Amino acid sequence: MGMTDVLIVGAGPTGLVLACDLARRGAAVRIVDRSPVPPRTSRAKGPNARSLEILDDLGVAEEVLAAGSAPLPMLKYRDRLPVAETDPWAGSAPSPDALYDRGRLIAQWRLEEILRDRLAGYGVRVELGREVAGLAEGPGGRHVDVTFTAGRTERARYVVGCDGAHSSVRKLLGIGFEGATAEDQVMVCGDVDLADGALDRTRWHQWFDEDGAVMLCPIPGTRTGWWFQAGPERDGRGRPLAPTADGFRRLLARHTALPGRALTGAELLSTYRVNVRMADRFRAGRVFLAGDAAHVHAVAGGLGMNTGIQDAFNLGWKLGLVLAGHAGAELLDTYEEERLPVAARTLDLTSERLRATLEAIRRPGGGLDAAITSDTTGLGVGYRWSSLARGLAEDPRPGDGSPDAEVRTARDGERPAPQPGDRAPDAPCVDAVTGARTRLHRVFAGHGTTVLGFGPGSAAALREVAAAYGDAGVRTCRVYAAHEDRAESGPGAAVVDDEGHAAAAYGTKASDGTGTGTGTSTLVVVRPDHHLGLSAPADDTRSVPAYLHRLHGGTRSAEGAAERFSGIGGRRR
């Protein structure tokens, strides 16, 4: 029986992002979905700013931007008349440390098409019509035997359940999914066509009346397609009725100035109930849960699909390093350690945003903008409490270690230097060899751990890192100040921080600006998922080797690296 490295169950955005990340890292990956045709859903309206950074790393952001549209101003109505217009992003703009300041509107099925095409470029295609019926750990716990409904059993080193809120993988593992469903908080949804010219397609239209609501947002890439959301019709006992095209027409006529016949077609009809649940654990042996299989929450803020994409980006590089033999299997323990607290915080955040939205729409002029805060960009999510946010196991945890303290905006006013666990800032810079403009996130993209060196004193340490850990996928990048002498070239990448944004973002003062290099030289370790591992003075001979050994411990490459590093202290102190 052949064996694949990772079998992914579920081909939504979470599963596809994970598959793309693993495939480009050289893992043998397969992805299956129970649907006989590519799943088609439109409930998620698009990636937020942090997910756009991930899609950029995967090489598909430009296509997503081209296929989607910017978030639209919201036009709010009461009693069929417009009463207010709000642009939640009016005061926001890209900054040097974050190229994307807002998300993108794109139909979920279109995003999935883009990701499937990228995955096909690695020779991997979604295997449709395949439903998992059984999971069993193999002898010695070295693999998982996966049985499909057709009766065939296949073998994988790891399995990841990305198969949604009703996850078969989670149920087969017997993992609890505790929480509550709010039966009284119900919305009917669908993709509809409106008569050409019926509504201005540059606005997200929102009618909130005392007896119900209708929301219509244009679907990018279509001429007459709209996302339809509404409070449901109800029967004589007050029970919500199932969505139908005729029901949508009646809701349209009741709440808007449009006649029901303006709605010319409807598909993908569904009923949404507020469901707030989280898995007891995100891992059972060699099987992991990600996305809605691990957590579901209120739709407010649009964090459902985005939290799943970010789960996948956290897990992908860890599985990739372990499968390549560049990290010990204990690294996989940090997936649940990092993502479960983020999921718990997201459940709280979205429930609070839903409460704020329900409060806002009671008043004329209130709308869905109440759900949008700086938290919903995803740029402030970090892992300061993680064991990977410390260079050595015995080091004290930075901050108070609580997710509530760390899942925060990264953009409110002046920001202190990022701490271990925080998202690594982006910064515009220049390739020191070609002179082409680039960005730090491009330097990080698609690779393993990156060690940045600021200041002349970092050169020797970067050479030692490259010699010791280059074979384990660690890459170095010298960050030169604008006027710094660049005569000495190192083994890795090199960029020029020509406008000083990188030094400002990382809180380094690598040069006094005259090229004399009198400032502090600093090493910064950036994880493959763009989070800071460590920042230390370049002459600290202990912290960076210890941190890299933490990531790569228990492997042959790590033991060899430790030997190569063993004489550094004597040479440099």
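Axes here are lines fitted to C-alpha atoms, for helices over the stretch in contact, and angles run from 0 to 180 degrees between N-to-C directions. Helices (H or I, at least four residues) and strands (E, at least two) are DSSP runs, numbered from the N terminus.

Before you start: this is a predicted model, in which local features need pLDDT of at least 70, side-chain atom pairs count only at pLDDT 80 or more, and totals for chains, interfaces and linings use all residues. Residues are numbered from 1 along each chain as its sequence is written, and side-chain values use heavy atoms, with hydrogens and water left out.

**Stop one: α1 and α4.** Select residues 13-24 for helix α1 and 108-120 for helix α4; their axes come within 10 Å and cross at roughly 20°. That makes α1 roughly parallel to α4 (the term covers angles under 35 degrees). Now show side chains: on α1, Pro-13, Leu-16 and Cys-20 are among the residues in contact (heavy atoms within 4.5 Å) with α4, where the partners include Glu-112, Leu-115 and Leu-119.

**Stop two: α2.** Next, select residues 49-57, helix α2, where nine of nine residues are buried (under 20% relative accessible area, 1.4 Å probe, protein chains only). Display α1, α3 (61-67), α4 and α7 (304-323) too, as they are among the elements that cover α2.

**Stop three: Asp-56.** Zoom in on Asp-56, which sits in helix α2. Is Asp-56 buried or exposed? Asp-56 is buried, with a relative accessible area of 12%. Leaving aside residues up to four places away in sequence, Asp-56 touches Ala-61, Leu-99, Tyr-100, Arg-439 and Arg-442.

Conventions. Parallel < 35°, antiparallel > 145°, perpendicular 65-115°, else oblique. Buried < 20%, exposed > 50% of the residue type's maximum accessible area, 1.4 Å probe, protein only.
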